[in-house]
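User: Hi! Could you walk me through this model while I have it open?
Analyst: Happy to, here it is.

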Amino acid sequence: MPKPPASSASAATSIVCTGLGFTWPDGTPVLTDFQLAVGPGRTGLIGLNGSGKSTLLQLIAGELAPTAGSVRTVGEVGYLPQHAPLDTHLRVDQALGIAETRAALHAIEAGDAGEAHFDAVGDDWDVEERAHATLDLLGLSGIGLDRTIGEVSGGESVLLRLAALLLGRPDVLLLDEPTNNLDHAARRRLHDAVAAWSGVLLVVSHDRELLDRVDRIADLRGGEVHWYGGNFTAYEAALAAEQEAAERMVRVAEADVARQKRELADAHVKLARRVRYGNKMYAQKREPKIVMNARKREAQVSAGKHRIMHTERLKEARERLDEAAEAVRDDDEIRIDLPHTAVPPGRGVLTLRGLRTRYGTRADLEIRGPERIALTGRNGSGKTTLLRTLTGELPPDEGTAEVHVPHRFLPQRLDEVLDNDLTVVENVARYAPDATNNRIRARLARFLFKGARADQRAGTLSGGERFRASLAALMLAEPAPQLLLLDEPTNNLDMSSVRRLVTALHSYEGALLVVSHDPRFLHELSLTRWLTVESGQLTDTEPL
């Protein structure tokens, strides 16, 4: 197995996985005889969707029990999962885990000298000051400790969960896609918090800027971790060099296979010539029979050895080609060249007149033809509420929202699209009940669900696979959507999957309205218009 860099392999190793195995209850294997050693510093864990990154963090955090092997951690572990919604009725201090200490501190300050209060406070007399400092670090200074979670946005709740971990001062910090749902300002604050972290950090992310703040990259591929010193930019450079060398080796191996095939064919021709010559000499009886038989046996033995030698060389050349090809990464692409999604220029797609959403966003808007629009704004500004109002899921407080073409909405929470107990094929069939099983499977192949992969239950899929399955269900729905509304579609996607999504959306010919905090992703979509929600108003704006 590839060795970690020296800085990670020291005696101070804080995470050790030995012979680790994990299999889901339905028999789907995720990790087999897996080895990992992570030491002090910041480590970025990357890999294709479905490679087991989130499962690995859950195993290290103790959220899942391994089916084989062991996990050992040194010190206290703090874990921030991808999806951990907070109880909206909790106060902020409860979410931070300091409510009991804070209440005891206030009681002591009010003159109650009960021993239980002192036990609750312990040595944490500055808990409120530390809480406010941590919230300030994450840009949450405006959130009071007595507010309820229901009053904060989704992005702010992510930062609150991180604040709770930082206040707990864990020895090992595990973060799984922490920048999902964060606006640009919140992402920068989280980036700074990661850059300032001095303990052991293992972070799973597809956020390039965040990964440029780590000390090393651990690439989980083919059930093994491949280590790269430096940040993500350095990793990309090293990987590009690796891939160039791998592709060069494939070309060399292909040429060798072709040469060995020619030499084996030549050997067969030479053998046939010798046989014909020997038969001719035997028929003409030009030499004694005993001599001719001896020469025939000698020729057969020699030809057999020659043929075996060339056959072995060809086999070895093919093995070298297979080995070289395995080193070149698969780059399959999602294809959405589906009929009936095109929108003619000038055709009305969406009309908003005097609209006011439940949370006060006002909008007047008209979309015509296959426009491609970005919808931006800070966390809590009302973007998701606006999308759900456009789809008719939420009624407007005022005005009207009319969609004039078939449309589909891909929400942040994919559970709203997929039934975890159904297979990928069965989930798609819910949206296209008249389509035959063969037709659904043929179309699912465009979304990289081929053969047995299409029969996986949705509940066993990785975040990226769940996204592809959700996108397939909506895009293969009948009637075909001519307006696609996407809410933070790159959440939980690795870099390869984001590239696939961009390629897929380039081939989509309908109108597109996408909410995203990822400027790199938005700039790759060939957008025609940018809108922002700010101070309760939807307005046209300049690109990010």
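Analyst: One term before we start: a residue is buried when its relative accessible area is under 20%. Also keep in mind that this is a predicted model.

User: Thanks! So what share of the residues count as buried?
Analyst: In this chain of 544 residues, 47% count as buried.

User: And how many helices and strands are there?
Analyst: The protein chain has 16 helices and 18 strands. As for contacts between residues at least 6 apart in sequence, 71% of them join residues at least 24 apart.

User: Let's look at the sheet of six strands. What's the strand order?
Analyst: The order is β5-β6-β7-β3-β8-β9, in an open sheet with mixed pairing. β5 (77–80) and β9 (224–229) are at the edges, and each has a single partner strand, so one side of each has no neighbour in the sheet. From one strand to the next, the twist averages 20°.

User: What about β8 and β9?
Analyst: Those two run antiparallel and are joined by six bridges.

User: Which helix lies across β6?
Analyst: Helix α1 (residues 53–61) does, running at about 150° to β6 (172–176). α1 also lies across β3 (41–46), β5, β7 (200–204) and β8.

User: You mentioned Leu175. What does that residue touch?
Analyst: Leaving out residues up to four places away in sequence, Leu175 touches Leu57, Leu80, Leu162, Val194, Leu201, Leu202, Val203 and Val204.

User: Which residues have the most contacts inside the largest nonpolar core?
Analyst: Leu96, Leu160, Leu175 and Ile217, in a core of 47 residues. Helix α6 (residues 154–168) gives the most to this core, with nine residues. Another core, of 42 residues, lies apart from it and includes Leu418, Ala454, Leu461 and Leu505.

User: New topic: helix packing. At what angle do α12 and α13 pack?
Analyst: Helix α12 (residues 424–431) and helix α13 (residues 437–444) pack at about 110°, and their axes are 10 Å apart. Roughly perpendicular covers 65 to 115 degrees, and α12 and α13 are therefore roughly perpendicular to each other.

User: Which residues meet there?
Analyst: From α12, Val424, Val425, Val428 and Ala429 meet Asn437, Ile440, Arg441 and Leu444 of α13. The residues of this contact divide into six nonpolar, one polar and one charged.

User: Last one: is Ala185 buried or exposed?
Analyst: Buried, with a relative accessible area of 14%. Ala185 lies in helix α7 (residues 184–196). Ala185 and Arg378 are 193 residues apart in sequence, yet their C-alpha atoms are 8.0 Å apart in space.

Terms used:
Residues are numbered from 1 along each chain as its sequence is written. This is a predicted model: local features need pLDDT of at least 70, side-chain atom pairs count only at pLDDT 80 or more; totals for chains, interfaces and linings use all residues. Side-chain values use heavy atoms; hydrogens and water are left out. Two strands pair if DSSP finds at least two bridges between them. Helices (H or I, at least four residues) and strands (E, at least two) are DSSP runs, numbered from the N terminus. Axes are lines fitted to C-alpha atoms, for helices over the stretch in contact, and angles run from 0 to 180 degrees between N-to-C directions. Contact means heavy atoms within 4.5 Å. Angles under 35 degrees count as roughly parallel, over 145 as roughly antiparallel, 65 to 115 as roughly perpendicular and the rest as oblique. Ala, Val, Leu, Ile, Met, Phe, Trp, Tyr, Cys and Pro count as nonpolar, Asp, Glu, Lys and Arg as charged, and the others, Gly among them, as polar. A nonpolar core is a set of buried Ala, Val, Leu, Ile, Met, Phe, Trp, Tyr and Cys residues joined through side-chain atoms within 4.5 Å. Buried means under 20% relative accessible area, exposed over 50%, partly exposed in between (1.4 Å probe, protein chains only).
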